[in-house]
Amino acid sequence: MNRQAVALAADSAVTYGGGPEPVVTLEAEKILPLTGSIALMVYSRGDVLGRSWSNIAHAFSKAHGQSEFTSVSECARAFFSFVDQNRKLFPEAEERAEFEELMRLAVLTVLNHARAMRSYPGSTHTGDEEAFLAALDLYRAHLARDEAGTDRHSVEVLEALTRERFYDLYRDLLDAIIAQSLGEFGRSGEVREKLFDFAYMLATMPAFLEPYAGMVFAGFGDDDVFPVYEHFYASILVDGILKRAHDETTRVGVEEGPNAFVRTFAQADMTHAFLRGVHPAMFDMMIAMNLMTNEAAAEKALAEAGITPQAAGPILERMQATTLPQLTMEFIRGSQTFSQDEFIGPFISVVAASGKRQLAETAKALVELNILKSDLQLAQTGVGGDVDAIMISHTAGLEWYARKS
């Protein structure tokens, strides 16, 4: 996107179903017009309870007629309000059946993890219950805190769902799963209590261990001067509410804001390789090799200086704690600066000056890079099919640049 327009491009590969045997199709509609100037783009999971996002978007547009919205944010809120408690589209029985399938799969995942932990060399877990509780604690800890160790809080739309309400809804279902899946040790009060806690956190925390969809609302509301996008993650229905979390909103062209912006979603390794000048996996390998090379060079330098191995050990330990990581960080900063100056910066400058058709062509080409890599490697990566591209501007509204037949 730039100050004039926003372009969305997507392939046609998407996964349907939230169970253990999802279906991947190459004919999905992933760019869905909602109004004359706002579109929804989806990726990853393509449905809610078997209803494709294209069907849901069609029903939303039909219900709202020719309604326009003051902002992209207002449109996103209206869309989610349309989904929430919509028992015509999402019957309670089907919602409950999917949640049951999710919980069965979650318990099986923890159980398999526990079995693996018992088989680890030197494992101290003496029984199935002890190993299961240890594995369950690991998953509960991940749901409770993010990678930085910060406590997670329930997604905003489910903050009102108390544990009491959740347990009233799913107590019998969870007890049946425990009895069928865990056998004798499932009768333990501690196992039951922690599994109920695990189920509640799985349903309400923004960790999204379950299959989820990425949702990008983009375009112009009536009061939006510049193009805007809003990004959400959405997964299951819980008590009639679509579990979702807002990622971020980026406004382009506002005061002190960027003149242009490029954002990738889902599988986009080749797009990053093009934008940064190096494949992300290659860059990670280069960092690891740099650290290893620095350590080897330090060892050789100490040996050539005549320092004995016994004396060199403590020196190397101090260097590994401070100097060598600092050298690798200098390598990372230098590489990133070069990438920004030689690849990213010039590309963004072109995007900033592009017309809407060039924006759409560029976005389409970046998606096609990932499909080409997948095709050449004969890899089943979930990327493929025709590429759709749409452009949205204040002057002409929503226009298709490329659309599958």
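## Overall make-up

The secondary structure of the protein chain comes to 11 helices and 12 strands, where helices (H or I, at least four residues) and strands (E, at least two) are DSSP runs numbered from the N terminus. This is a predicted model, in which local features need pLDDT of at least 70 and side-chain atom pairs count only at pLDDT 80 or more, while totals for chains, interfaces and linings use all residues. Residues are numbered from 1 along each chain as its sequence is written, and side-chain values use heavy atoms, with hydrogens and water left out.

Along its principal axes, the C-alpha trace of the protein chain spans about 80 × 60 × 40 Å. Of the 405 residues in the chain, 44% are buried; buried means under 20% relative accessible area, exposed means over 50%, and partly exposed lies in between, with a 1.4 Å probe and protein chains only. Among the contacts with a separation of 6 or more, 67% are between residues 24 or more positions apart, contact meaning heavy atoms within 4.5 Å.

## Helix 3 and helix 4

Two packed helices are described by the angle between their axes and the distance between the axes. For helix 3 (residues 92–119) and helix 4 (residues 128–144), the axes come within 8 Å and cross at roughly 120°; axes here are lines fitted to C-alpha atoms, for helices over the stretch in contact, and angles run from 0 to 180 degrees between N-to-C directions. The crossing of helix 3 with helix 4 is right-handed, a crossing being left-handed if the near helix is turned anticlockwise from the far one by less than a right angle, and right-handed if clockwise.

On the side of helix 3, the residues that meet helix 4 include Val 107, Leu 111 and Met 117, and on the side of helix 4 they include Phe 132, Leu 136 and Tyr 139. By class, this contact has 12 nonpolar, 2 polar and 2 charged residues, with Ala, Val, Leu, Ile, Met, Phe, Trp, Tyr, Cys and Pro counted as nonpolar, Asp, Glu, Lys and Arg as charged, and the others, Gly among them, as polar.

Rolling a probe the size of a water molecule over the atoms shows where empty space is left. On a 1 Å grid over the protein atoms alone, a cavity is a set of points where a 1.4 Å probe fits but cannot get out, whereas a pocket is an open set with protein on both sides within 12 Å along at least five of seven lines, and lining residues have an atom within 4 Å of a point. The largest pocket holds about 790 Å³ of space, a volume being the space filled by probe spheres set on the points, which are joined across faces, edges and corners. Its lining has 38 residues, and Ala 9, Met 41, Thr 264, Phe 265 and Val 367 lie nearest its centre. Helix 11 gives the largest share of this lining, 6 residues, and the lining divides into 26 nonpolar, 9 polar and 3 charged residues.

The second largest pocket has a volume of about 270 Å³. Among the 13 residues that line this pocket, Glu 156, Val 157, Phe 232, Arg 244 and His 246 are the closest to its centre. Helix 2 gives the largest share of the lining, 5 residues, and by class the lining of the second largest pocket has 6 nonpolar, 3 polar and 4 charged residues.

## A cavity and Lys 30

A search of the whole structure finds 1 cavity of 30 Å³ or more, and about 40 Å³ of space lies in the largest cavity. The residues that line the largest cavity include Tyr 16, Lys 30, Val 42 and Trp 53, and its lining has 5 nonpolar, 3 polar and 2 charged residues.

Lys 30 is found in the loop between strand 3 (23–25) and strand 4 (31–33), and Lys 30 counts as buried because its relative accessibility is 6%. Leaving aside neighbours within four places in sequence, Lys 30 is in contact with residues including Asp 11, Ser 12, Met 41 and Tyr 43.

## Residues with positive phi

Most residues other than glycine have a negative phi, and most peptide bonds are trans. Leu 49, in the loop between strand 6 (47–48) and strand 7 (51–52), has a positive phi near 50°, and Leu 49 counts as buried because its relative accessibility is 9%. Gln 85, in the loop between helix 2 and helix 3, has a positive phi near 60°, and Gln 85 counts as partly exposed because its relative accessibility is 46%.
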